[in-house]
Each structure stands twice: as structure tokens, then as C-alpha cells.
Amino acid sequence: MSGLQWFNALSAGAAPVAGLPASLKVADGVLGEQAVRFIAVVPDAANRFPRARQGEVGLLEGWGLAKAVDEAIASGDQRPIIAIVDVPSQAYGRREEALGIHQALAGAADSYARARLAGHPVIALLVGKAMSGAFLAHGYQANRLIALRDPGVMVHAMGKASAARVTLRSVEELEALAASVPPMAYDIDSYASLGLLWETLTVSQIEQPTADDLARVSDCLVQAIKDIQNSGVRDLRGRLGAVNRAASSHVRELLREQW
Amino acid sequence: METLSFEFPAGQPPKGRALVGCVGSGDLEVLLEPGTAGTLNIQVQTSVNGAEQRWQHLFQRLFQEQTPPALNIQIHDFGATPGVVRLRLEQGFEELGHD
Amino acid sequence: MTDLLNRHSFVELGARQRAKALLDAGSYRELIDPFQRVMSPWLSRQGVVPQADDGVVIAKGTLDGLPVVIAAIEGNFQGGSLGEVGGAKIAGALELAAEDNRNGIPTRAVLLLETGGVRLQEANLGLAAIADIHAAIVDLRQYQPVIGVVAGSVGCFGGMSIAAGLCSYLLVTREARLGLNGPQVIEQEAGLEEYDSRDRPFIWSLTGGEQRFNSGLADRYVADDVAQIRQQISELLQQGLPATQRSRQADYYLARLAELDAAPQIEPATVRDLYQGERS
């Protein structure tokens, strides 16, 4: 529930945006002196789609995120967009596959990417799980990724149990491997070593942010917005450069030489 | 997974290089490139452990029929049977001949 | 039957052969070819045999005279999964194609998608690369079409199904499957009653190429034939950018989903009716 807590804390006093699925929390608020749009995906026990009731990103969430971001783009003011990320997974279900959940998630990724290209500073604040397709749809297109340093904050392509089964390993074997292979690890420090995060922050109460926690995170978001605006860079090149992601840079250099 | 190395007497290096196969189930990838005159070097990376003797025999049989060209061969094996290995190597030699 | 005999299967071709078959004769030029051995830095240390091209072929050339870059995924290597190197090859190629366009060179892109998505041995680096691919498609798509092809037999899943959803146009065959989650993962997460991963007709009826085309989630439905697939890609390239991008139709899809009675379990015909309306 960190996502909802952080959304409520950051957007206190902000105007909620209506006309979106109940599983989306969207509000236009202020950070520093800047008007921003906050967006979070939250559990909705009454979700019409039963496989998307626990905060998963499903059909309504994917298209709803697209709509929420498109509205911000349409405002024409390049307001920063803050994606508060606490998404346990994409929705796994028959209805979802049949109705093209991949297309709904593409809608969300499309809108976030276009907002970034249109000059909106887009920031993803990771306060809980940021898993796989759910993260691709909600957060991974941001100019800057900021994570809270907490065992509950993790980025991954697949949950441990499923990943073990798919790779024909036991969970214990998987964990042992993850300890020596940074991209396979589930902890946020290993993830940080890949160079994908702009900042990690320690807070005292991730589930119920204190005034200090809120001030620290707000300040970091304001710094990130300034950093994006000052850089003028609208693509994702800022994520390259870490030793543990050296091949990603090397491949790009070779492609450019041979292009 | 195991990495193995083999060396055999060879003739002259060919002009071209060739790639055949794929690291798919029961298949292998073979990269053939010109080597030093007189020597055929083979490096095998295989998913099947403990099969060094089998590779040795397979190569020996293949190269005693005809002296191979001087090559550096790299093999990425994903559990191919000896028949498939032989087929891929023959394909590779044939492709070299085309260049 | 003569038609069948004259066909050359595209599905049976490997990634490199597919790229060669699509480009104009003599125009094929591969970037970071396998002899450069830019391989996964993560597989060998986990005891997994790597492939010299990491399962991705990047080729430049022309298609009926138009400048294109093709990114072809080899479905037979690790299920077409994307790791750091293969993912960076695709993202980097798309980034350079967008840069070409900003410099006045109208490079288009064709993605041959046979992939289960993220390679779990490189988990977070695969996921990050797929986010880069999404970003690059949306960027390039501003200038020139990006065409996705799901021919089969692996299909297109995971984060790369989202990439397929971002393409300007999507071309599928009867062998194609397109979905976010692989059948086994859904069965595991949601149970056999929700999704029987061994029931192939059921899976194809929901996620197969024909159903995706008839539901408006793909733009072309083509026979498994090299010449016909090439012809369709060429037509789409000539056509230029689509009037409306499928991934930009949030209002349309939200309105359709609002009409759906989501309580009963879904049938393929329901999806066709819901999304195509008057066309079905």
C-alpha cells in the first residue's frame, strides 16, 4: 500500500482528476513552486476485471494511464509528471490476454514516452514493487528513476517463484545465482549498480511517510525536475554508463561506427 | 557447460569464413574462420558435460577422411547429436568452398 | 495446391535468412555480425552456452529501394529472449534510425519479433533494454513507420508484445501468437481454469494471428510465404505513417471496455464484436 500512502502524502491538497478508472489515482498538485501531475496505480477491490484487483496493471489501468498522461500533454504546459510506482505485476488472466493487455500497456508506455519527448519532465518514484510489464507501462519511460531504499522496493522481470520454475532452478539456486549476477538480483542496491537509477533515498517509514520523509522525497523530486530541465535531454541516455551495464554502451558505440 | 579445445593438422587457410547453425535445442552454431597454415583449431563450448572423448573421436573420424583447411572453428553446442554436428561441419566446409 | 507448392515458408527461416529474404538483393549489410563475437556477458558465467550474435541480427539495406534497418530476433536461441546485448542491438539500431531521420535520411525500421520477452538470466538488464526499445520506437515513429512482424513459431510475448503494440503497423500470420503473458505463466499465476496452457486451440483462438487481425489488434494477416510477407511490408512502408496509431486510442478502447460485461469468462467472438463493431 506504499503507493497510495505516497500518493496521498505528495498530493495532499491537490485537485484530484476525475474520469479515470478507480484503480488510478491522479491529481494535479504542486512540488516546490511547480504545477505537477501525480499518477499512481492502486488496488481496487471492486475492479470489473477480477485479475486486476490488487494493484496489478491491467486493461483499464494501461489505457487509463495513457489517458491521464495524454491529458497532461494536452495541457501544453510541459508540467512534470510524477509516476508513483508500487505495482506488483501486470494482470494475468484470460480476459486480459483476449482483450489485448499488451496493447493497453503499449498505450501507457506510448503516452509516457511522448510526454518525455514533448518536454515534460517525467519521474518515476519507486516506493514498492516495480515488476516487469507493470513497470514498463507505469514508470520505465521516465527521464529519471528514483527509488526508496527499502527491502520492499524491488525491480524485476519476474517474481522469484515463477523465475525459478521458468529457468528450471530451485528458489535457493536462483537466490545464490542472484547474489553473484547483479541483473538477476531482487534488491535495490544490485539494481542501482546497473546505473538505471538517478537517486536512491532512505526514509524512516516507507508505509507511512513522516513529515521529514515527505520533505526529503519532495526535495529530491524538485531536484530531479530541475536536473531534467537544465539538461535539455529528452531521451534515456542518462541510464547508460554503469560498469554493470557496459555492454549496453559498447553495443551502441559499435553500431554507430558500423552504421 | 564445458569449454574444450582441439587441434588437428591441416592444409592451407581458405579465403572466406562461414557461419552455420544456431544455439537451439539439439543444434549448434559453428563459426569457421581462416587460421594459420598447417593447423586446425577448434574451440567447443557445450551444454553437455563430460563429452570430450566423443568430440575428439568425431573430429578424428571427420578429418582422417580428408585433410581439412587451416581454420579456427568455434562451436557453441546446445546438445546436438554427433550426426547433427557432422552435418553442420560439412555445411560449414561447403559454404567456405563457395566463397 | 499449386499455390502451396510455390510458397517459400518465412516461418521456417532463421533470423538472418529472414532479414536477407526481405532486403533488396545485394543490399544486405549486417552490423555487429557474429564474427565480431559481441556476446552476452552474463550467460557463460551461469553455465548457459551463448550465441555469437546473442540471438539478434541487425541488418541495413533497402526494401524496394527504401532505406531500412531490420532487427530480427532468433526464436530458436533461448526462446528469442532478450538480454543486454541483443536488447541493446535493437534499441541502438532504432535510436540511430531516428537520428538518421533528424539528419534528413528517411530510415525506416522493420522488427521481426519471435520472442518470449526478457531473458531471465539477464532479468533487469533485459527489462531495461526493452524499455529503451519502447522509447526508441515511439521516437522513430514520429518520422517513419516502424513495422512489426510476428510470423511464428515462437510468437511475441512479454515486454516485446508491448513493443509490437507500439509499432506503426503490425503484420501477423496464422502461426503467430501475440500476448503479454506466456500461457504457462498465466496458468501458474491464475490457475488451470483461467488458462489451460496445454490447450493449443484455445490459446490460438484467443491470441493467434487470425484472431488478433479480426479484432483490429493487427493490421495485416498474411500467409506464411516470403514473397507475400515482403510484398505486404513493402506496401506498408510505402504507405508512410498511419492516420492513427493504435497505441494512441485510449479513449476508443476505454469506451469499448466500458461496454463489456466483464463478469462472464470471455470468448474470442466477444472480443471481435467488441473491438470491430460494424466491421465484424
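Among the contacts in chain C that join residues at least 6 apart in sequence, 74% link residues at least 24 apart. This value, like the others in this report, belongs to a predicted model. Chain C holds 11 helices and 7 strands, and its radius of gyration of 19 Å is close to the 19 Å that the globule rule gives for 280 residues, so chain C is as compact as a globular protein of that length.

| Property | Chain | Value |
|---|---|---|
| Box of C-alpha atoms along the principal axes | chain C | roughly 55 × 45 × 45 Å |
| Span of C-alpha trace along the principal axes | chain A | about 50 × 45 × 45 Å |
| Buried residues | chain C | 59% of the 280 residues |
| Buried residues | chain A | 54% of the 259 residues |
| Contacts joining residues at least 24 apart, among those at least 6 apart in sequence | chain A | 69% |

### A helix pair in chain C

Within chain C, helix α4 (residues 123-140) and helix α5 (residues 159-166) pack with their axes 10 Å apart and at an angle of about 0°. Angles under 35 degrees count as roughly parallel, and α4(C) and α5(C) are therefore roughly parallel to each other. On the α4(C) side the residues that meet α5(C) are L127(C), I130(C), I133(C), H134(C), I137(C) and V138(C), and their counterparts in α5(C) are G159(C), M160(C), I162(C), A163(C) and L166(C). By class, the residues of this contact of α4(C) with α5(C) comprise 9 nonpolar and 2 polar, with no charged residue.

Between chain A and chain C, 65 residues of chain A are in contact with 65 residues of chain C. On the side of chain A that touches chain C, the elements giving two or more residues are α2 (59-74), α3 (94-98), α4 (101-117), α5 (132-137), β7 (154-156), α6 (160-166) and α10 (246-258) of chain A. Of these, α4(A) supplies the largest share, 12 residues. That side of chain A divides by class into 35 nonpolar, 15 polar and 15 charged residues.

Between chain B and chain C, 15 residues of chain B are in contact with 12 residues of chain C. Here the elements that give two or more residues to the side of chain B touching chain C are strands, namely β3 (28-34), β4 (39-46) and β5 (71-77) of chain B, and β3(B) gives the most, with 3 residues. The residues on this side of chain B are 6 nonpolar, 5 polar and 4 charged.

### The recorded serine of chain B

For S25(B), UniProt lists, in an unreviewed entry, "modified residue: O-(phosphoribosyl dephospho-coenzyme A)serine". In the model, S25(B) lies in the loop between β2 (18-21) and β3 of chain B. Is this serine buried or exposed? With 12 other C-beta atoms within 10 Å, S25(B) is exposed, since a residue counts as exposed if 12 or fewer such atoms lie within that distance. When its neighbours within four places in sequence are left aside, S25(B) is in contact with F78(B) and G79(B).

Terms used: Residues are numbered from 1 along each chain as its sequence is written. Chains are lettered from A and ligands numbered from 1 in the order in which they are written. This is a predicted model: local features need pLDDT of at least 70, side-chain atom pairs count only at pLDDT 80 or more; totals for chains, interfaces and linings use all residues. Axes are lines fitted to C-alpha atoms, for helices over the stretch in contact, and angles run from 0 to 180 degrees between N-to-C directions. Helices (H or I, at least four residues) and strands (E, at least two) are DSSP runs, numbered from the N terminus. Angles under 35 degrees count as roughly parallel, over 145 as roughly antiparallel, 65 to 115 as roughly perpendicular and the rest as oblique. Two residues are in contact if their C-beta atoms, placed from the backbone, lie within 7 Å. Ala, Val, Leu, Ile, Met, Phe, Trp, Tyr, Cys and Pro count as nonpolar, Asp, Glu, Lys and Arg as charged, and the others, Gly among them, as polar. UniProt positions are given in the numbering used here, feature names are shortened, and annotations may be inferred rather than shown by experiment. A residue is buried if 20 or more other C-beta atoms lie within 10 Å of its own, exposed if 12 or fewer, and partly exposed in between; C-beta atoms are placed from the backbone. The radius of gyration is taken over C-alpha atoms; the globule rule is 2.2 Å times the number of residues to the power 0.38.
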